[in-house]
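Hello,

Here is the structure I promised to pass on. Have a look at it first, and then read on for what turned up in it.

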Amino acid sequence: MSSPRPVQFLRRAFGPLVEPAVFNFWAREVGSTASRDRVLARVTAKRAESSRAVTLELQPNRHFVGFKAGQHVNLTVEIDGRRVTRSYSLTGVPNAEGSLSLTVQKIEGGQVSAHLFSNLQVGDVVELDAAFGEMTLPETLSAPLLFLAAGSGITPLMSLTRELAQRGMPVETTLIYWARHRADLCFLSELKALAAKEPKFRFLVALTGDAAIGTDELRGRPSSELLASAVASLSSQSVYACGPAGFVEQVETLVAPIARSFQSEAFTPPTFTPAASSQTVTLMLAKSNRVVTVRSGEPLLAALEAQGIKPPSGCRMGICNTCACGKREGLSRNLKNGGENAEPEANLRICVSSAQSDLTLDL
Amino acid sequence: MNTPDRKLTPAEIDAFGAELDALRARTVAKLGAEDAKYIRNIVRTVRYTEVAGRALLMAGIFPPAWILGTITLGVSKIIENMELGHNVMHAQYDWMNDPELNGQTYEWDTACTADHWRQTHNYEHHTYTNVMGKDHDIGYGVLRLFPEQKWEPRFLANPIMALLLMTLFQHLLALQSLQLEKLLSGEKTFAEVKEQAKPILKKMRKQIAKDYLLFPALAGPFFPIVFAGNVGANLIRNFWSSAIIFCGHFTEDAEVFPLESLENESRGHWYLRQLKGSSNLEGNKLMHIMSGNLSHQIEHHLFPDVPGRRYAEMSVEVREICKRYGQHYNSKPFFKQLGEVAGRILRHALPSKPSSDKPSSKKPKLVSKKASPVVREEELLAA
Ligand SMILES: Cc1cc2nc3c(=O)[nH]c(=O)nc-3n(C[C@H](O)[C@H](O)[C@H](O)COP(=O)(O)OP(=O)(O)OC[C@H]3O[C@@H](n4cnc5c(N)ncnc54)[C@H](O)[C@@H]3O)c2cc1C
Ligand code: FES
């Protein structure tokens, strides 16, 4: 979406004179999602999608550069003063208004999903990053498609299904959607309606908790028998699978050796098993594109210096913040108080932190 | 000086440090929505007062508008520099993960570049507080405030230099990291200084262009009026912030330490040195906000990365801990401390010697070789 001419003119003429932080402040103050440098999006609608999932409609500002069906975005919200980021799949297809939708399933004890489910209101503003993800559809399709979804893993496959519907269902497509209970299922009426309208689209529900009713419902976890009862020839199918890590692993062993192709995405966040001390872990230095191995438990600054890498440093005791650098992922430990943190951090003081798992640092 | 500090055993020094560590941990665990809301309100105050101040100056042809505009802009700059910029650059709000309040990228509205500040202030001054030869903030290389500093004839100009320093505080602070006095002593060459000065001069030019060209020019024929208002606002900010900062470490009871005090310094020692080198200013809430909570200089030096708004509540416990360990807690009203600073500036313009009963003259009593050394990497590794 491009802005009107006068706005563009003003932006070019006066933009550089105003500091981004000042511009962003006044934009927020007048209730706008405009920003000099950040992707902000307003929640324009919120509705229940199942007993424990909500769908959010978002209108991002001009910094959002678009997405392909099947991709995800990192979404940031502020909870108790802290900004926290999680990934969510876009469930819609790219449209002229540039609006986005995503569906969030509430996880028991989950920080962000519970906040989005219960606290986030229409009108609130969230921050996004650029869309990412490889599980998209090719321009030309020839082989039949088999989509295997479990739980909130339905979201990117819903987006792909909607894209196929828009393209007129070019190939035979089967979607099997696992959930524990019927009340957990999202997009049910839309998927059923599509199956009724499109002869090339088949939709099957598989329940692991409730009993199955009718012919389009199956019962039980993924198994060779269950898959054989649903699709005639697995070897001809291009398979896309999405869901919790356990589910994805399971279908991969069942399907990948047989199917024509197999692509998957797992949603469960990686659990960082603390490395036993004196074990080695890998540091990915994202900015310099280097990989080094260090001992877990060792202060990162000293460990990097021992390898000839010299990050900026000052006090070496955790007070001056000179050594702080971004941690993108991994489990770090604060050596001053023993606290561990699995969240990404903007400023990790590496002089008093150690790696408890593999880490990715902005160095 | 009040009753002299009790000499602590190494075990007591460790215990003293552990109590302060525990206080820090308790406070950090409480940080949340309230602190985030507070600092956002500070940002809001800065932005609105800046606009109000600049708008009033545009109408500065009417004297009341000029006076009010100058004061408002001065106040805006003070809050931005002290409660917002200084504290954010100490990483006090990094836990929020907000890119606009990030300690490593925040750039403040003053001539000194944030990067140089992070080096000279966050690292050098806060790590080596009041250590002779390490903390350049002891007199900024131009003032003699402690008898331990070697007297030279140039210090006869102490009072004039102090006034000059206060008047031009933002620009002199910007030049501080160049340590120009080293040119005189020949420790630095002119070419070195010229190279180091590049980013500093760039930021200075930017500040000067903004305050003394851009905004006055926007006023068209009233250029001189707006120009004068900006001069006034910068002077208000310079005088106030330098006064607050001088009161933090140059009061009568503030101590300086010899270089040897750093040898084998334990965490507890480090805390004690911060306590003895700093002084608090008593006042009301407005005073605390306007000083960026540096009125709680002691707490700021003990816990530089804890949000300033928490210092008031922490100070109750710090004072109590100090009392139990028999350590002097230097806290007096602003004007009292300011008077003491002025006294030092005048007294040490002339040659002076550390008198034997002054604690600062001795090797600090707190030096003790047995307490565990500061938590540095070797120890962390062993932990
Ligand atoms: C690429 C990608 C796309 C994603 N798309 C979606 C989406 O479209 N919709 C959606 O609802 N979620 C999606 N997720 C999951 C989402 O990012 C969060 O992990 C989820 O919302 C939980 O976050 P939380 O802060 O609520 O839980 P946390 O506070 O992080 O975790 C609380 C507890 O729940 C466990 N847990 C976390 N996530 C899951 C999970 N998915 N299943 C089971 N247990 C979990 C954690 O291990 C932890 O013990 C996606 C994840 C990825 C990596
Ligand atoms: S070097 Fe000072 S905080 Fe790490």
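**Confidence, then the details**

Within chain A, confidence is at its lowest in helix α1 (residues 5-14), with a mean of 70, and at its highest in strand β2 (residues 53-60), with 98. Please keep in mind that this is a predicted model. For chain A, the mean pLDDT is 91, and 95% of the residues reach 70 or more.

Next, an annotated stretch. The UniProt record, an unreviewed entry, gives "domain: FAD-binding FR-type" for residues 36-138 of chain A. In the model, this span is 45% strand and 9% helix, and its end C-alpha atoms lie 34 Å apart.

Further along chain A there is a sheet to look at. It is open and has three strands, in the order β17-β16-β19, with antiparallel pairing. β17 (340-341) and β19 (353-355) are the edge strands, each pairing on one side only. Strand β16 (residues 332-334) of chain A is joined to β19(A) by three bridges.

Finally, a place with residues from chains A and B. B:Leu218 belongs to helix α8 (residues 190-218) of chain B. Is B:Leu218 buried or exposed? It counts as exposed because its relative accessible area is 57%, and the cut-off for exposed is over 50%.

Enjoy exploring, and write back whenever you like.

Best wishes

Terms used: Residues are numbered from 1 along each chain as its sequence is written. Chains are lettered from A and ligands numbered from 1 in the order in which they are written. This is a predicted model: local features need pLDDT of at least 70, side-chain atom pairs count only at pLDDT 80 or more; totals for chains, interfaces and linings use all residues. Side-chain values use heavy atoms; hydrogens and water are left out. Helices (H or I, at least four residues) and strands (E, at least two) are DSSP runs, numbered from the N terminus. Buried means under 20% relative accessible area, exposed over 50%, partly exposed in between (1.4 Å probe, protein chains only). UniProt positions are given in the numbering used here, feature names are shortened, and annotations may be inferred rather than shown by experiment. Two strands pair if DSSP finds at least two bridges between them. pLDDT is the predictor's confidence in each residue, from 0 to 100.
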